[in-house]
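Subject: Structure handover

Hi,

Here is the structure for your files. Please open it alongside this email; my notes follow below.

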Amino acid sequence: MYYTAFGYVPRAHRLAWRAEWIDADASASQVYARKTFYLSRPVRHAWLQVMAPDTFSLYVNGRLVATESNTSYYAAGIFDLTPLLTAGKNVIALRAARATYPGEPKVIAEGAWEDWSGHRGEIRTDGSWRVASCEERQRSLAWWYDKPFDESGWQRARARGRPTPAEQGKVRALPALFQRPLSARWIWARDSDTAALSFHHNFSLPARPREVWLGVATGQAFTLLVNGVIAARGDALATPAPESFGMTFYDVTPLVRKGSNAVQVTTRGEAWQRGLLVEGVALLPSGELKCFYSDERWEVAEIPPLRRRRGLLQPVTILAAMPAYARDVLQRNVGSARLPGVSLWKLRAPAMAFMLFGGLLLLSLSWGWSKIVTRHRPRDAQPLLSFDALCHGTVLLLLAFVFLLRYDVRLDPTFPFQWRFIGIAFGALIAAKLLTNLPTFQRANLPTSQPPNLPTFNPYLRWSLLILLILIGFALRLRDVRRNALVPDEITQALQSLGVLERGYPSLAMSDALGERPVLASTLVAYLQAASFALLGRDELAARLPSVLFGTLMILLIYRVGREMFDERVGLFAAFLYTFSPWAIVFAQLARYPQQLQLLTLLAVWNLFRALQGERVSARAAALFALSVLACYFTWEASVLMLLPLFCAALYLRGRRWEWLKEPATWASVSVVVLVILIYRLRRMMINPFIYVIGTNVGQVSLGLTVPQPGFDLFAYVENFLLLEGQLVLSAVALGGWLLTWRQRNITFLFIVLVGQLLVKTLLLPLAAVRYAYEVLPFLLLLASGALFGVKDTYFNIAPLERHGVHSLLLRSARTLMGISALTVVALTSMAFPLKLYHLPGAHPASQVRLGVYRDPNYQQASAFLRRHAQPQDVIVATHPQAAQFYYGRCDYFPETSLQLSLLYSPQLQRPVHRIVGCPVIYTLDDLKAVFARNSHVWFLVKEDRFEALCDETFVNYFLRVTRCVYEHRGAKVYLWER
């Protein structure tokens with residue numbers, strides 16, 4: 001209600017389009033576009049708006065103007081081109097890429113220009129633009145976006161029609177700020193060289209505006225005040241350089257009111273910085289724009305340096321002789337208004353007082369109504385008050401859900417704050433209170449202290465729902481499993497698994513000179529993946545099928561665990577959440593250990609819970625616990641970290657009964673686990689064919705206390721797990737529900753396991769990666785589901801009424817409606833399909849836990865291009881040698897000059913080699929030139945921006961100068977050097 005009546009929510013603006021989408025090649029993942037045009041005179045005003053799914057870069061006359069991206073949605077922006085366009089030849093260049101989700105690459109742009117003689121022109125994407133699907137640099141060293149570049153060899157663009165209503169990106173600023181020419185005039189104090197001046201102006205608005213923006217341009221330090229409240233501050237320019245001068249617009253909507261408003265700008269600076277330009281734009285409720293700007297109507301006063309008081313107001317003078325920096329060609333941009341807290345409290349005091357009064361009035365009415373009911377209808381007081389509370393709770397949940405819609409990327413942030421939603425909520429509450437005046441409640445047959453009867457599910461219905469969830473979950477995890485090529489880490493695991501088929505055990509074939517290298521990490525994953533390769537062949541489906549199957553089995557397992565630890569409701573709801581969890585779907589398509597580890601970890605925790613349920617430790621459950629822990633260890637060795645939180649959870653579960661620590665089943669299971677792990681560690685230490693390791697070794701994670709290390713972050717997994725988008729609401733429900741139901745031992749047991757695992761990983765793992773917390777996801781889902789139903793059973797346990805009487809039916813209906821509302825809100829905010837809550841405050845944006853996101857370059861397509869064009873005698877150099885090895889079949893060299901990745905020193909080759917493939921390393925520029933000298937064709941398989949990360953600037957510049965890009969697809973590029 002506060003936001004609807006008084007508050008201010010910044011709007012997101014849709015852009016209007018008359019231009020058309022253009023693209024180059026539907027099979028590509030990016031499009032490069034150029035438009036060359038000529039101007040006879042310098043421009044007075046020019047602007048351009050651009051949109052693309054989901055990343056674009058804009059260049060004007062060889063200068064990068066902006067790079068915008070919006071993961072899984074449309075990126076949009078509007079830009080001022082006035083200072084960038086010149087008389088004569090001008091070039092606008094665009095690069096748009098489908099960087100994060102599938103579809104054809106396309107881009108749309110629209111703008112206009114006006115010169116000083118009044119001539120106008122339009123800029124629109126259409127069939128006249130030149131496009132290409134690969135980055136180019138000509139022998140003259142001109143990049144594709146430079147003026148000298150010759151695009152005559154590029155093809156004509158294909159026009160694909162105008163954007164549909166669903167194809168709309170949004171911009172933060174009001175488009176009119178850029179689309180209309182400036183009307184303001186430069187002003188200053190007449191014949192004044194005073195260092196500090198105060199400029200004043202009053203403007204009037206016929207209604208409360210929807211938006212108000214104020215732009216300020218001056219070379220001095222300034223303070224902008226609106227109605228006496230500081231809105232923004234700016235620093236003085238260090239030099240009078242024209243290219244550093246611009247106008248910055250600030251959103252001052254919260255400070256502007258209906259009627260008269262006062263604008264004040266105070267400046268302080270040197271004499272050569274004379275000049276002030278102010279431009280204001282107000283958007284009225286009718287959609288009309290009202291503009292106000294600096295002109296002869298403004299007034300100015302000198303501020304004496306010693307006495308900070310307002311001087312005598314005088315008319316300003318219009319600057320006729322403009323200083324070099326104070327010209328009308330300004331770069332417009334958007335700044336952030338900074339409203340001091342004291343000023344905000346002063347501004348919003350009436351609104352806060354009204355809200356406080358309204359809240360107290362509502363509380364008084366509710367308290368008074370409850371007193372009236374208790375006094376005049378004592379027999380019906382409990383059901384009446386319960387019905388009222390349930391109605392309030394349901395309305396609150398629905399309003400909270402509507403409030404969350406402001407963070408949906410497809411909707412305007414102001415969408416929830418409409419009076420109709422407030423009216424519906426109050427209307428529902430009034431209707432609920434009127435219903436209580438119907439005939440009296442029937443007396444309850446059972447006392448209020450009787451525990452609730454938990455609902456029972458028909459076995460056929462229960463199994464039908466579970467089978468349906470399993471089928472849907474399998475389809476979601478199998479869908480598009482081949483769309484993403486294997487990432488380098490997946491390829492490394494696949495190469496180890498292929499070693500099982502080729503040599504009988506997990507290993508890597510380094511090279512003919514180095515032989516094979518045994519691998520003792522994730523061995524259980526390697527054997528299962530090898531079986532999949534043997535059945536299906538060597539492709540993405542075979543590599544990821546074990547994870548898909550484990551992810552599908554998790555639905556059944558989480559249902560079984562929830563049913564045994566809680567009841568049928570918790571098991572089914574947790575299985576539902578897991579089925580549609582975007583994080584669970586994404587990691588079920590990852591050909592590595594996380595999905596398998598998650599299932600085995602849940603098995604271990606479940607068996608521990610079962611082992612400690614009775615008076616004595618269950619030998620069978622303890623044995624299964626030991627087997628699950630060992631399976632976790634052979635899946636990922638760092639999983640031993642879970643033993644400490646599991647021990648703490650076991651201590652809590654048994655309370656003060658310590659005899660379980662002395663039982664043979666306990667000691668036998670612990671002894672087997674410790675003995676097997678020790679033997680395995682000794683064997684791994686003995687098998688080490690390489691002695692020397694060169695580099696930082698960032699590719700491997702070692703256990704150790706991370707607290708004293710620089711960069712330690714205690715809240716790393718709070719951001720990388722609890723605050724992930726799609727899990728923020730779920731985490732809040734789990735934590736809030738635990739605080740209300742912590743006395744239930746099963747809920748607190750799960751809470752200790754969840755928090756303990758995250759805390760141990762924070763303290764002992766140096767790298768806080770998202771995948772390290774994935775195994776904890778089932779405990780969050782079970783905790784949230786158990787807490788939801790636990791709160792319902794604990795705090796909404798109303799004695800069952802006789803099955804006749806109007807109020808009895810209403811009470812049961814209200815309970816059902818509130819329960820469905822709570823479950824619906826949690827489910828919708830945790831799923832990936834109905835909502836796109838990408839703007840949740842405090843949420844950690846992680847594109848790797850969104851559906852339909854490309855996670856790495858497409859080396860598969862790039863390698864297919866190499867197979868079509870490279871000859872057997874050609875040399876292959878790759879920034880990810882394992883990708884070239886898996887998809888192309890070989891890799892000859894690996895470039896790295898910064899030693900960011902660890903290398904192995906080979907005594908046989910007398911030089912460093914890559915630690916996975918064993919190919920020699922190109923370490924210096926002389927090494928690269930030597931490779932060129934020995935060969936006539938050298939192909940480079942490069943990940944975008946990775947070459948710059950691995951090699952120094954001199955190396956990269958020489959490489960770009962002597963090679964050319966011949967293929968590009970979704971971040972993977974192929975360069976060719978030929979003699």
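Two strands pair if DSSP finds at least two bridges between them. Helices (H or I, at least four residues) and strands (E, at least two) are DSSP runs, numbered from the N terminus. With that in hand, take G280: this residue stands opposite F292 in β21. Strands β20 (residues 276–283) and β21 (residues 289–293) run antiparallel and are joined by five bridges. Their hairpin has five residues between the strands, and G287 takes a positive phi near 95 degrees there.

Some ground rules. This is a predicted model, with residues numbered from 1 along each chain as its sequence is written. Local features need pLDDT of at least 70, side-chain atom pairs count only at pLDDT 80 or more, totals for chains, interfaces and linings use all residues, and side-chain values use heavy atoms, with hydrogens and water left out.

The overall picture:
- The protein chain holds 25 helices and 36 strands.
- Of its 979 residues, 54% are buried (under 20% relative accessible area; exposed is over 50%, partly exposed in between; 1.4 Å probe, protein chains only).
- Take contacts (heavy atoms within 4.5 Å) between residues at least 6 apart in sequence: 79% join residues at least 24 apart.

Four strands form an open sheet with mixed pairing, in the order β29-β34-β36-β35. β29 (875–878) and β35 (964–969) are the edge strands; each has a single partner strand, so one side of each has no neighbour in the sheet. Neighbouring strands are turned by 20 degrees against each other on average, direction ignored. Axes are lines fitted to C-alpha atoms, for helices over the stretch in contact, and angles run from 0 to 180 degrees between N-to-C directions.

Inside the sheet, β34 (residues 937–943) and β36 (residues 972–978) pair in the antiparallel sense over seven bridges. W939 has L976 in β36 as its bridge partner. Helix α21 (residues 859–869) packs on the sheet and touches β29, β34, β35 and β36; its direction makes about 170 degrees with that of β34. Helix α23 (residues 925–934) also packs on the sheet, touching β29, β34 and β36, at about 135 degrees to the direction of β34.

α23 has a helix partner too. Its axis and that of α25 (residues 953–962) come within 10 Å and cross at roughly 25 degrees. That makes the two roughly parallel (under 35 degrees; over 145 is roughly antiparallel, 65 to 115 roughly perpendicular, the rest oblique). L925, L928, K929 and F932 in α23 meet T954, F955, Y958 and V962 in α25. By class, this contact has six nonpolar, one polar and one charged residues. Ala, Val, Leu, Ile, Met, Phe, Trp, Tyr, Cys and Pro count as nonpolar, Asp, Glu, Lys and Arg as charged, and the others, Gly among them, as polar.

Finally, T55. This residue lies in strand β4 (residues 43–60). T55 counts as buried because its relative accessibility is 16%. Beyond its neighbours within four places in sequence, T55 is in contact with E68, S69, A75, R95, A96, A97 and A99.

Best wishes
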